[in-house]
Amino acid sequence: MSDREPSVGLPRSRWDFTADVPQPGELGRVHVLAVGGAGMSGVARLLAAAGAPVSGCDAKDSATLQALSRLGIGVGVGHDVAHLDGVDTLVVSSAIREVNPELAAARARGLRVLHRSQGLASAVADTACRIAVAGANGKTTTASMLAVALHLAGRDPGYVLGGEPAQLTGNAARGAGGETVIEADESDGSFVVYRPHVAIVTSVQPDHLDFYGDLEAVHAAYRAFVTTIEPGGLLVVCTDDPGAAALGDWARRRSDLRVLGYGTGEGCDVRLVDVRDTGPNPSADVQVGDAAYPMRLGVPGRHNLLNAAGAVAALSHAVPDTGPGTWVQLLGRFTGVARRFERVGERAGVVVVDDYAHNPAKVAAVVATGRAVVGAGRLVVVFQPHLYSRTRDFAAEFGQALAGADVVVLTDVYAAREDPLPGVTGELVADAVRARRPDADVRWVPELADLPTVVAGLAHAGDLVVTVGAGDVTVVGPRLLELLGSPGAGPARPEPEPTS
C-alpha cells in the first residue's frame, strides 16, 4: 500500500473507499436508491449528464422526482426488487441499511454496488480541475461560493453541493467548463474518493463520533483525505481553526503539495484585516502578498468572511489567469444558500430565518450572526437537535453555543439514521443551556407540531427568530409567519415562563 492510499486510520466501513472508481461508460445501467434526496438526486443528474442510463426510486413522490423525470431519468415510488431488472450498478448512501430489499437483492445478484460518493466520483472523473471542500463547518457555503464565483466569471463550472445557491440552478450540474466543485462529506469517511486537484479544509473538529469514535480518528481521516490530493496539487486550510491549522502543518511536510493558509492571524497567505462583521453585510480587507482588496459580502457573519477568504485562495490557484482582486469582487455578489441563515420572511415586525446548523460550532456561528444582525432586538433560537448520539455527546457544548440567545426553544431530537438512545432527548440541551445561563429564558417543547404556536405566542416586534437544525424544523418558519399574520397571534410582550 502506497502512502497515497487513504485507508490507514479510518474506521471500518461496509464500503471500500480505496477501490478504483469506474468511468461512467463502465457502469452500464445505473439505479439510484433514495433518489429524491438532495445528495442522491445530484448524483443521478451528474451520471445522466455523463452519459450513463439512470433510473431511481424513493419512498414517496416529490417535486425532485418529478424534476428528474423531466430530465429523462426513470423514477419510481417505493422500493421493489423489480427496479433492478436490467440494472448493472446500484448507487446508495450510507443511510440505506443492508436490509433494504433492493440493496439486499443487488448484493445477492452480484451487481456492482457503489456508495454515493463513488457514483459522484465516477461522474466527475474526467474533470480537468476538481475542487473539493471538506470540514466540520462551512463546507456547503464555501463550496457554493466557489461555484457561484466561477459561474459569474463565465466559466460554466460543474458542481455538486449540499445546498442550493440562489444564483445557480439546483445543487448539481455537470458544467462544460474545466472546473468541478465538490462538497466532500466527511461524515462516513467517503470524502477520500474524489482525488481533487485543489482541496479546502475549513475546520477539523470532533463530529460524527457515531462513525469515528474519537477525535484522533477524525484527525486521521482528514490526513487520509489530504493524501488523496493529486500530486503537485493545493491544500487550503483555515488557520483560525486549530484542527485545520495542524492539518496544514502536517501536509507541509509532504513535498508534493502546496499548502496555503487563510484566516485573521499573521502569517496567513490570504489574511483578513480590518474585519467589520456587524450587520447584514460584513466586510474586510483581503491581503494577498503585498496587495489588499476590499471585500463586502451580501451574506452576514464573520464565518462567511473566512469562507470567502478560503475561496479566494483556492480560485486564484485553480484559475491562475484570474487575479485575487477579481475573485474578491465576484464573491461580494454571492447571495447565499438555502437553509444557511436563509431569510424566510417577516410578519408583525418579526423576522424569521432558517439555518441548517447541527453541530455546536455551527450553532455558535448562527447565534453570533443572529446577534450581529438583530442589534438591539431579541434573538429567539428554535433548535432541533440532530442525531441521538450527537445530542448525547455534545449536549454541554450545544448549551454553551445557544446561551448567547435571548430566548431558546428546544424540541426533541431528529433521529435521521439512528435509533433512539435511552434517556437522550432534546431536554438534555435545554438543561445544558440553563446550566450555562441560569437566568436564560428556555422553553422545552417536545412536539415539533407545537413549535409555531408557542413561538408565535412569545414573539414580538423587533425579534429575530432563527429555526436551527438539520431535520424538519425548517417547516416551522412558514407556519410561524402565518400565525403572526393572523388576528390575536400573541401578546405584544410575552409573559415570562419558568425555565425549569
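Asp 274 and Arg 276 join their side chains in a salt bridge, 2.4 Å from N to O. The term means a side-chain nitrogen of Lys or Arg within 4 Å of a carboxyl oxygen of Asp or Glu. Arg 276 is partly exposed, at 35% relative accessibility; buried means under 20% relative accessible area, exposed over 50%, and partly exposed in between, with a 1.4 Å probe and protein chains only.

This is a predicted model, where local features need pLDDT of at least 70, side-chain atom pairs count only at pLDDT 80 or more, and totals for chains, interfaces and linings use all residues. Residues are numbered from 1 along each chain as its sequence is written, and side-chain values use heavy atoms, leaving out hydrogens and water.

The whole structure holds 23 salt bridges. One of them pairs Glu 179 with Arg 155, with the closest N and O atoms 2.9 Å apart. Glu 179 is buried, at 4% relative accessible area, while Arg 155 is partly exposed, at 29%. Elsewhere, Arg 14, Glu 98 and Arg 107 are linked in a salt-bridge network.

## The nonpolar core

What about the inside? A nonpolar core is a set of buried Ala, Val, Leu, Ile, Met, Phe, Trp, Tyr and Cys residues joined through side-chain atoms within 4.5 Å. The largest one has 91 residues, and Phe 191, Val 201, Leu 235, Val 363 and Leu 402 touch the most other members. Helix H7 (residues 215-227) gives the most to this core, with seven residues; helices are DSSP runs of H or I, at least four residues long, numbered from the N terminus.

Technical notes: Helices (H or I, at least four residues) and strands (E, at least two) are DSSP runs, numbered from the N terminus.
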